[in-house]
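Below is a walk through one protein structure, strand by strand and then pocket by pocket. Please look at the sequence and the model before reading on.

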Amino acid sequence: MDLKRELPKNRRLQAGPASVVVMATCVDKQGKPNIITLGMYMTISSNPPMVCIGVAPERYSHGLIEERGEFVINVPSINLEEQMSFCGERSGREVDKFAETGLTPVPARRVKPPLIEECFGHLECRVVESHVCGDHTLFIGEVVSASADEDVLRGDTLDALKARPIVHKNHVYFTIKAEK
């Protein structure tokens, strides 16, 4: 007896794995920053270090990233769940997400978009390629600088149990913890 039910086309991705949530920053022509919350993020190369993000074309940040060719991946811990949700639910066309959330922009080392001070990890990226894939554009960014809070590192390696990144599945947010 087959106990597995095929899901409708619009629900098929809900059967997939959970993923880390990131908050990408980008800037407009005048240097005004914006934040976009993304669940479509992954590392795609170690040498050179590259990441990929998926952004829907109708999102305000899509045009900014496409135009300026830079973004910063900021990795929030679970204690930023409220701010992360706000940045995913509001458009930067209509609201200053830094002002509304109380998050702090700090200058990046190598790109124009700022880091989010309250996030524990940051990847400064320059777009090297983009590809339209269905209803999203995949922006591939070469990581030109990376930084993290000292208290979530073990040597030069991120300790995910200390960092407590936000993970999501079907708009349910959680973090990881060690088994006892």
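Strands E4 (41-46) and E5 (49-55) run antiparallel and are joined by five bridges; strands count as paired if DSSP finds at least two bridges between them. Helices (H or I, at least four residues) and strands (E, at least two) are DSSP runs, numbered from the N terminus. This is a predicted model, in which local features need pLDDT of at least 70 and side-chain atom pairs count only at pLDDT 80 or more, while totals for chains, interfaces and linings use all residues. Residues are numbered from 1 along each chain as its sequence is written, and side-chain values use heavy atoms, with hydrogens and water left out.

A hairpin of two residues connects E4 to E5, and Ser45 has Met50 in E5 as its bridge partner. E5 also runs antiparallel to E10, with six bridges between them; here Cys52 stands opposite Ile140 in E10. Six of the seven residues of E5 are buried, so this strand is largely enclosed by the rest of the structure. Buried means under 20% relative accessible area, exposed over 50%, and partly exposed in between (1.4 Å probe, protein chains only).

A nonpolar core is a set of buried Ala, Val, Leu, Ile, Met, Phe, Trp, Tyr and Cys residues joined through side-chain atoms within 4.5 Å. This core has 20 residues, and those with the most contacts inside it are Leu38, Val51, Ile53, Val55, Ile65, Phe71 and Ile73. Not counting residues up to four places away in sequence, Phe71 touches, among others, Val51, Ile53, Ile65, Leu123 and Phe139; contact means heavy atoms within 4.5 Å. Another core, of 12 residues, lies apart from the largest one and includes Val21, Phe98, Leu103 and Ile116. In soluble globular proteins, nonpolar side chains tend to be buried together.

A separate topic is the open sheet of three strands, which has the order E1-E13-E14 with antiparallel pairing. Its edge strands, E1 (19-20) and E14, each pair on one side only. Three bridges join E13 to E14, and His168 stands opposite Tyr173 in E14.

Helix H2 (81-89) has Met84, Ser85, Phe86 and Cys87 buried. Its buried residues pack against strand E2 (22-27), E3, helix H3 (97-101) and strand E14 (172-174).

Where is empty space left? Rolling a probe the size of a water molecule over the atoms shows this. On a 1 Å grid over the protein atoms alone, a pocket is an open set of points where a 1.4 Å probe fits, with protein on both sides within 12 Å along at least five of seven lines; lining residues have an atom within 4 Å of a point. The largest pocket holds about 1100 Å³ of space, a volume being the space filled by probe spheres set on the points, which are joined across faces, edges and corners. Its lining has 31 residues, with Ser19, Gly39, Met40, His136 and His168 nearest the centre. H2 gives the largest share of that lining, four residues.

The second largest pocket holds about 410 Å³. It is lined by 17 residues, of which Tyr41, Val75, Phe120, Gly121 and Leu158 lie nearest its centre. Strand E9 (121-133) and E10 each supply at least two residues of this lining.
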